[in-house]
Amino acid sequence: SIFDAVLKLVIIGIVHYMDGDKLILYVALFTSISIANIVAYLLYVKACYRQVEIIPRWDTVCFRELFSYCSWYMYGSVSQLIKNQGINVLLNMFFNPVVNAARAIAFQVDGAIMSLSNNFFLATRPQVYMLYGAGKVHEMNDLIIQSTRYCFYLLLFFAMPLFLEASYILHLWLENVPDYTVLFLQLVIVCSLVDSTNSPAIACALATNKIRTFELVQGGLTIMNLPISYIFLKQGCTPQVTLYVSLFISLLILVIRTIVLNKLTGLSIIKYFRAVAGMFIVAALSFIFPFIVKLFSSDGSIVSFLLVGGSSCISFIICVWNLGLSKAERYKIGASIKSRINKRR
C-alpha cells in the first residue's frame with residue numbers, strides 16, 4: 001500500500017511535467033499501477049504461501065458461486081457510483097458548474113478523513129471473517145458493534161474541528177472558495193459520520209456469503225437518492241437539498257440494514273441501536289464545548305483555529321472516555337498506557 005501511494009505521487013509529478021494530452025497519460029499510468037498491483041499480489045502469495053498453487057483451471061460450480069457473489073457485490077458498488085455521478089448530472093442540469101465544483105471540493109476533503117476510518121477497519125475485517133468461519137457468530141457480532149463505535153469515534157475526532165472551522169480551512173487551501181462549498185463540506189461530514197457504520201456492516205454481510213438481500217436493500221435505497229433529489233430540485237430547492245436527501249436515506253439504510261443483518265447473523269437489533277444511539281449522543285455532547293469556543297473567538301484566524309481544535313480534542317477525550325467506552329474498555333486502555341510507560345522507564 002505504501003509502494004502504491006508513492007507510485008501515485010510520482011505519477012502526479014510525471015503528468016505535471018510531461019507535454020501532450022495529460023488526461024490520457026494520467027489514465028494510462030494509473031491503469032499500469034492497477035495491473036502492477038495485481039501482479040504484486042500474485043507474486044506475494046506465491047512467495048509467502050508455498051502451499052498455494054496458482055494453476056489455470058475451470059470449475060463451473062466455483063465460477064457460478066463467485067460470479068453470483070461478485071455480481072451482487074458489484075451491484076452495491078455500482079449503486080453508489082450511480083448516486084454520486086447522478087447527483088453531479090442533476091446539479092449540472094439545475095445549476096451552474098460552480099455548484100458542482102463546490103460539491104467536488106467538499107467530497108475531496110471529506111474523502112481524506114474518511115480514508116482514515118476505512119483504513120482502521122482494514123485491520124478488523126480479517127477477524128470478522130475468521131470468527132464467522134470458526135462458527136463464533138456471537139463474538140463476530142460483538143466485534144462488529146465494537147468496531148463500528150471505534151470507526152465512528154476516529155472519524156469524529158477529525159470531523160469536529162473540520163466542521164467548525166470549514167470556512168477557515170477552505171480559504172487556507174483555496175484562494176477563491178466557490179459558493180456553497182462550506183455548507184456542502186459541513187453536510188458531507190455529517191453524512192460521513194452516519195456512513196462510517198457501513199464498513200463493519202458490509203463485512204458482516206460478506207462473511208455470510210448471503211449478500212443478495214443485503215445488497216438489494218442497500219443498493220436500491222442508495223439509487224433512490226437520484227429520483228428523490230430530482231423531485232426536490234424540480235420544485236426549486238437549493239442544491240444542498242441533495243445532501244439532506246442523502247442523510248435521510250443513509251439513516252434509513254442504517255435501520256433496514258440492521259434488520260437484514262439480524263436475519264443473516266442474529267445481530268442484536270436492540271444492542272446495535274443502543275450502541276449507535278450512544279455514538280450520536282457522544283458526538284452531540286462533544287460538539288458543545290468547541291462550538292461555544294467558536295462563538296467567542298475571532299472568525300477566520302489561526303488563533304480561532306487552534307482554540308477550536310484544542311477544545312475539540314479536550315471535549316472529545318472527555319466525552320468518549322466517560323460516555324463512549326465501557327468500564328472494561330477504559331480499564332484495558334488504561335492498562336495498555338501504563339504498560340507502555342513502564343517499558344519506557
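## Terms and model

Two residues are in contact when heavy atoms of one lie within 4.5 Å of heavy atoms of the other. This is a predicted model, in which local features need pLDDT of at least 70 and side-chain atom pairs count only at pLDDT 80 or more, while totals for chains, interfaces and linings use all residues. Residues are numbered from 1 along each chain as its sequence is written, and side-chain values use heavy atoms, with hydrogens and water left out.

Asn100 belongs to helix 4; helices here are DSSP runs of H or I with at least four residues, numbered from the N terminus. When residues up to four places away in sequence are not counted, Asn100 touches Asn88, Leu91 and Asn92. Its relative accessible area is 11%, so Asn100 is buried (under 20% is buried, over 50% exposed and in between partly exposed, with a 1.4 Å probe and protein chains only).

Ser192 sits in helix 8, which covers residues 181-195. Ser192 is buried because its relative accessible area is 6%. Apart from neighbours within four places in sequence, Ser192 is in contact with Asp110, Met114 and Leu155. Leu155 is 37 residues from Ser192 in sequence, and their C-alpha atoms are 8.4 Å apart.

## Helix 3

Helix 3 consists of 35 residues, 60-94. The expected span is 1.5 Å times one less than the number of residues. At the start of the helix, the backbone nitrogen of Val61 has a side-chain oxygen of Asp59 within 3.2 Å.

The buried residues of helix 3 are Gly76, Ser79, Lys83, Gly86, Ile87, Asn88, Leu90 and Leu91. Their packing partners are helix 4 (97-122), helix 10 (212-223), helix 11 (225-234) and helix 12 (241-265).

## The cavity

Cavities and pockets are found on a 1 Å grid over the protein atoms alone: in a cavity a 1.4 Å probe fits but cannot get out, whereas a pocket is an open set of points with protein on both sides within 12 Å along at least five of seven lines, and lining residues have an atom within 4 Å of a point. Points are joined across faces, edges and corners, and a volume is the space filled by probe spheres set on them.

There is one cavity of 30 Å³ or more, and the largest cavity has a volume of about 50 Å³. The lining consists of Lys83, Ile87, Arg103, Phe107, Asn225, Thr242, Leu243 and Ser246. Helix 3, helix 4 and helix 12 give two or more residues each, and helix 12 gives the most, with three.

The largest pocket has a volume of about 1000 Å³. Of the 40 residues that line it, Gln80, Met114, Asn118, Asn198 and Ile202 are the closest to its centre. Helix 3 supplies the largest share of this lining, nine residues.

The second largest pocket holds about 600 Å³ of space. Of its 19 lining residues, the closest to the centre are Phe120, Tyr150, Leu325, Glu329 and Ile333. At least two lining residues come from each of helix 6 (137-164), helix 14 (302-324) and helix 15 (327-344); helix 6 gives the most, with seven.

Methods
A polar contact is a pair of N or O atoms within 3.5 Å; within protein, one must be able to donate a hydrogen and the other to accept it, and residues adjacent in sequence count only if both atoms are side-chain atoms.
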